[in-house]
Structure formats: structure tokens, C-alpha cells
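These are my notebook entries on one protein chain. I record what I looked up, entry by entry, after the display.

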Amino acid sequence: MWGASLSGLEVKKPRACILGVSGTELSNWEKGFLREADPFGFILFARNIENRDQVRALTNALREIVGNTNVPILVDQEGGRVMRLKPPHWRRIAPAGVFGDLFDRNPDDAREAAYTSARLMAMDLREAGFNTTCAPVLDLRLPGMSDVIGDRSYGAEVGKVVMLASAAAAGLLDGGVAPIIKHIPGHGRATVDSHKDLPIVTVSHETLSEFDFAPFAHMKDVLAAMSAHLLFTAIDDQRPGTVSTTVIQDIIRGEIGFENLLISDDLSMEALGGSIASRTHECLRAGCDIALHCNGKRTEMEEVVSMAPLLTGTSLQRAQSFTNQIATFKNDAPSSTQITDWQARLADLLAPVWSAGDDQK
């Protein structure tokens, strides 16, 4: 275990960051840099993924670099528009909004479908070497807002979102993949895409508490969450959530009651100002446990590592809990009969609202 004494020797603690890589295999520079940096985890994107054999070799190489079979290896695999593992090598997954549509017809069928879809998705992820996905999305789908969330959300009602997201999280866990809920404390009121600009939310604290924050409060026991790069004027009118001590300590840790691992959203997104080094420092200073950097650019990765310390204290304990969960996952693959049954059942459940041949929305 990290930080524990073994025969009088101190085990090396990982660094408080998650890093991306540039391509489909590690460069010599990346091998040396990542070995020395020893980040808490890694995240891969479509640029890193070509086929089953290639991505499995890459995820294996990342584990070998840090010497930890349980190192978190993340991917954004939600379904719909946000899928890094795509056909023809992997199955098509319905977006969250489809399960919300089914919920309006039959809540029990929707809950079963959300679970089964996540269970099948977990199987694909495990085969590719991933043990963590940045899903499910707990943000509300609200009228008049940016489509950066859109059908990535299960809907506008708190109860619907919680029921379906809980089912999806259970399916992921049963399939040996750790979920990261996002984007705490809520991204649904973004009027612009936070990849490109800073969303400013002006509704009252009371409204945010009743709606936007509520799904996260209901699912606060999930062991990891990703922050939101939004400015909530009723909470802190100066600093976006990811770098706001007030948002993190008073809202996420306090009002919502989330006490587990808090990972920043991607620090290279344009919603945040300043250098990558300053963004790294500010998100950790504000109370994020882990700084997430995704684009694999060398100079930016060096800035992140220069400002991210080794994990200690409560952040280390939260990180240990998350990785200990990964260590409990079994490698037993479902039988071909089980897979066939799940696929057939899911197709039947979704038939009124979606089919795997539909164009992604």
C-alpha cells in the first residue's frame, strides 16, 4: 500500500495527477518521463486507440511503467457522442438520454437497460485494459443550455438521473470498472462549452441546491468524482468550481457531503485561465485531490508535474480507497451465453427508443 512501511522502507507515493499520452504507443521520452513522474493514473483518448491489440499493449505498457497493476487507467466512455472505443472494434452504446426516454415509458425497463448497457460496456473496457471510466454523467439536461451536455444527461428530473446513473454505476462495478461521476457540483446550466469558454451560472444557491447539486448528494458514496469548470455566481463569483475553495469545501465537501476522491476536469480546457502550471497549483490548492491533464503535450505535462506534489494525507487515503476498489475486481470474463443473453435483452428493452444501428446523436 502506498506510503506504508515495508521492512523499514517507505513505499513511493504516486503524484497528484493523471496524465494523457500523445499517440498509440509510448515514445522513449514518455517512458522516461512517466516513470520518473509516477502519476496517480493515466487517461486515454481516441488518438490513442486504434484496435484491440494495440490499446491492450498500450495499457499494459502504462502499468509496467509505474510498476502497479492496479494503477487507474481512465477513458471517457459514456455512450452516444462520448465514446473513445468505437465500432467496428467495439460495440455501440446508447447515449444517456435514450435511457431517459425509456424511463418515461417504463422506469423499471430503463433501470435494467442502464445496468445491462453499462455491464456490457465494462466488458469492452476490461478487455482493452481499462479499469476506470469517466461516467456516469449526473448533470441535468435543462432547456436552453449548451448542448455540451445534451443527451449525455439522463434528463432534467433529479429522481430519474439518480435511478439511472445508480444503475449504470452498478453495472460498471459488477463488470470490474470503477465509475467517476461527473461533473460535480453540476454542469447542466452551462450556456457555453467549457472546452472553449467559461460557463457562468447565475441562478440562486437555493435553485442549485434543489436541482443541480441533488444528484451528487444522492450518489456521494461513489469513490471518485470529476469537477466542473463553471462559475457559480451565487457561490463564488470570482473563481470557477475546479479552482474555488468555496465551491469545493463549502459545496462539494460540505453541502453535498462528497468525501471521496475529487479529480479536476481537464486542465487544458479553455474555461480556465492562466498557465497550465498555475491551473494545476490552483485546483490542488482549492481542494481537488488530483489534477487531470489530457492532451499529452510535452511542455504542458512538464508543467503539471512540476506543480503536482506526491499524494499525502487525506488525498492519499482517498486515492488508496479508489485503487483498493480496483484491486478487488475479478478478471472472470462472462460466458458467451451470458453476453448473448445480455445483448438480446438490451436490444429488446431499447427497441421502443433506440437501436444499435441508429446514428449517434
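Which residue in strand 5 is the bridge partner of Phe42? I found that Phe42 has Ile73 as its bridge partner in strand 5.

**Entry 1: Ground rules.** I am working with a predicted model, in which local features need pLDDT of at least 70 and side-chain atom pairs count only at pLDDT 80 or more, while totals for chains, interfaces and linings use all residues. Residues are numbered from 1 along each chain as its sequence is written, and side-chain values use heavy atoms, with hydrogens and water left out.

Entry 2: Two strands pair if DSSP finds at least two bridges between them. I then traced an open sheet of four strands in the order 5-4-3-15, with parallel pairing. Strand 5 (73–75) and strand 15 (291–293) are at the edges with a single partner strand each, so one side of each has no neighbour in the sheet. On average, neighbouring strands of this sheet are turned by 25° against each other, direction ignored.

I looked at the pairings one by one. Strand 4 (residues 39–44) is joined to strand 5 by three bridges. Three bridges also link strand 3 and strand 4, again in the parallel sense, and Ile18 has Gly41 as its bridge partner in strand 4. I checked burial next (buried means under 20% relative accessible area, exposed over 50%, partly exposed in between, with a 1.4 Å probe and protein chains only). Five of the five residues of strand 3 are buried.

Helix 10 (residues 298–307) lies across strand 3 (15–19) and strand 15, and runs at about 160° to strand 3. For such angles, axes are lines fitted to C-alpha atoms, for helices over the stretch in contact, and the angles run from 0 to 180 degrees between N-to-C directions. Contact means heavy atoms within 4.5 Å.

Entry 3: Not counting residues up to four places away in sequence, Phe130 touches residues including Ile73, Leu74 and Val75.

**Entry 4: Cysteines.** How many disulfides does the rule count? With a disulfide taken as a pair of cysteine sulfur atoms within 2.5 Å, the count is zero. Cys283 is in no disulfide, and the nearest cysteine sulfur, that of Cys288, is 4.7 Å away. Cys283 is buried, with a relative accessible area of 0%. The sulfur of Cys294 is too far for a bond, because the closest cysteine sulfur, in Cys134, is 7.6 Å away.

Entry 5: Most residues other than glycine have a negative phi, and most peptide bonds are trans. I found a cis peptide bond between Ala135 and Pro136, with omega about 5°. Pro136 is in the loop between strand 8 and helix 5. Another cis peptide bond joins Ile184 and Pro185, with omega about 10°. Asp38, which is not a glycine, has a positive phi of about 50°. Asp38 is in the loop between helix 1 (28–37) and strand 4, and is buried at a relative accessible area of 10%.

Definitions and conventions
Helices (H or I, at least four residues) and strands (E, at least two) are DSSP runs, numbered from the N terminus.
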